[in-house]
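Here's a quick briefing to read with the model open beside you.

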Amino acid sequence: MLEQILYALLTVFIVMNYGFLIQGIVPKIGARVGRRYGIPFYQPYLDIIKNFSKRTRISHGIMFYIAPVFRLTGGIGLLLFMPVIFGSNMFTNFSFTGDLLLVMYFQFFGVLGMALGAAESGHPHSAIGVSRGLSQVTALEFGLSLGVISLAVQYQTLSISEIVAAQQGGFMNWSIITNPFAAAAMLLAFLGAMGRAPFDVVLAPQEIPIGPPTEFQSGLLGVLQINRAIFPVAKLILFMNLLFGGATNWFELIIKTFLIYMWSIFVGVVFPRFRVDQSVRWFLTIPLLLGIIAIMLVKFS
Amino acid sequence: MREELEKRIVYSPEGEAIEIDPLKDYFCDALPQVEQKSSIAILEKFANWARSRSLWVLGFGTGCGAIEMRPLMTPKFDAYRYGIQWRPTPRQSEVFVISGYLSVKTLKRVIRSYEQMQGPKYVIALGSCTINGGMYWDSYNTINRLDYYMPVDVYIAGCMPRPEALLAGFEHLKKIIREGRGEGANKYAKDFAWYKANQKKIIKDWDMPDYNW
């Protein structure tokens, strides 16, 4: 058991550093595309050291303190309850037979915690950001859940390990080939889950500076930054496991997750920002329809 | 005193009377404290190094000099490579660029934003107007010397200074921080009474607590 906990901590450590590097490298690529030199790739580390070495910090109450912890719990929980490396005893973590349901819950967990904390900060922009974030996340859950249910019906299991196992043996076995409608619904919902354009109205730095974390500073912001490194990578690993056959080693994991991440980046640079009513309406049309078709096909074919 | 800041009684739907004193309920008026440096020298040095490499600038342009901040984000100057980024909220930023002349009306907002920033925090004064008033030295509604109202770390002279001058100012600020001399927040806390008296001398319609972190 102790061994397993240590390996879980190692997983969190590796994923956190990978997340920080992605946060440094992706803006760097964006800068080079725009003919700028761009931030150093280790800038996220400097930012986080700086934030933790601030001398003052203010609080608006207990929930304000707990909210970043909730958020971080959401990220780490999502990561630790699924198999990160398929077939490895070290990095299977705490995945179990019904982990798919728990993981779906952890997707939502951090947002709710953040909503409580941001509401206590009393800043109007936080309240606007939270209401936008919750409605958007709720809307995207439709496509995502229908896709996931379709996969669960297809493979007759609620265990991520078994879903990954069923996809082994070449890319023709991946869910994205065997169940394209579910994959499409999930990948469109994934765009919303990553919070990049066109679904970045939650943070909207130029409009509601900067949404839910407006009042968070110093170490509290540092905790949120750590989560911002872990949570996206955890989501990437989830999608890799469900749709792209998982990974049998860290190298494969990094290649696959980076390419999935690039999907959200490419869409983000092409499309402008949706208003929240537009994005909710969009999630309730195309991904929802694709999800329903996926369920129908799996059920009746 | 503005009307919405006066004491009043509001009634809940059940008819319960609630007394509201906005200045007490909505603000915290605890005075700033001098924050000690870390007692371990090497830790403080390390923190200062990180602070100097990660400067988050408050996106608040006070005067015409704000136009000189924009080019720094463009490919030509690209301040991001020096670790300089813009943040939309004072809570998360530590560098305040007072860009050009400061009217009395703006000064009030500047003070509130400055006090909401978390220490250690730094102020860069851009342009001659912040040093001696510049071309507005005899204007009826701009201040002449910024360091009467808040501690300034770096002055950049000129009217207007070029974006290169602003970049050079940032580099100078980095040097100051690395040497451990960027203690503006502590100076403000130490000489708080003097700064506050100066501010109140200029701002006639003072309708906020003395310190609203």
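Does A:Ser218 count as buried or exposed? A:Ser218 counts as buried, with 20 C-beta neighbours inside 10 Å; a residue is buried if 20 or more other C-beta atoms lie within 10 Å of its own, exposed if 12 or fewer, and partly exposed in between, with C-beta atoms placed from the backbone.

Some ground rules before the rest. This is a predicted model, where local features need pLDDT of at least 70 and side-chain atom pairs count only at pLDDT 80 or more, while totals for chains, interfaces and linings use all residues. Residues are numbered from 1 along each chain as its sequence is written, and chains are lettered from A and ligands numbered from 1 in the order in which they are written.

**Nonpolar cores**

- The largest nonpolar core has 75 residues; such a core is a set of buried Ala, Val, Leu, Ile, Met, Phe, Trp, Tyr and Cys residues joined through C-beta atoms within 7 Å.
- Helix 9 (residues 218-243) of chain A supplies the largest share of this core, 17 residues; helices (H or I, at least four residues) and strands (E, at least two) are DSSP runs, numbered from the N terminus.
- Apart from that core lies another one, of 40 residues, including B:Ile84, B:Tyr114, B:Leu126 and B:Ala185.
- Back in the largest core, the residues with the most contacts inside it are A:Ala185, A:Met186, A:Phe190, A:Ile230, A:Ala234 and A:Ile237.
- If you click on A:Met186, look for A:Gly143, A:Leu144, A:Gly147, A:Val148, A:Phe239 and A:Leu243, which it touches when residues up to four places away in sequence are left out; two residues are in contact if their C-beta atoms, placed from the backbone, lie within 7 Å.

**Helix 5 of chain A**

- Helix 5 (residues 124-155) of chain A has 32 residues and should span 46 Å at 1.5 Å a residue, which agrees with its end C-alpha atoms being 46 Å apart; the expected span is 1.5 Å times one less than the number of residues.
- There's a bend of about 30 degrees in helix 5 of chain A at A:Glu141, given as the angle between axes fitted to the seven residues ending there and the seven starting there.
- Just after helix 5 of chain A comes A:Gln156, with a positive phi of about 55 degrees.

**Other positive phi angles in chain A**

- A:Ser218, our opening residue, lies in helix 9 of chain A and has a positive phi of about 50 degrees despite not being a glycine.
- A:Asn93 isn't a glycine either, yet has a positive phi of about 60 degrees.
- You'll find A:Asn93 in the loop between helix 3 (62-80) and helix 4 (99-121) of chain A, where A:Asn93 is buried, with 21 other C-beta atoms within 10 Å.

**Chain B at a glance**

- Chain B has six helices and seven strands, running β-β-α-α-β-β-β-α-β-β-α-α-α from the N terminus on.
- Of the 213 residues in chain B, 38% are buried.
- On the interface, 19 residues of chain B are in contact with 27 residues of chain A.

**Cis peptide bonds in chain B**

- The bond from B:Gly119 to B:Pro120 is cis, with omega near -5 degrees, and B:Pro120 sits in the loop between helix 3 (104-116) and strand 6 (122-126) of chain B.
- B:Cys159 and B:Met160 are also joined by a cis peptide bond, with omega about -15 degrees; B:Met160 is in the loop between strand 7 (154-156) and helix 4 (163-178) of chain B.
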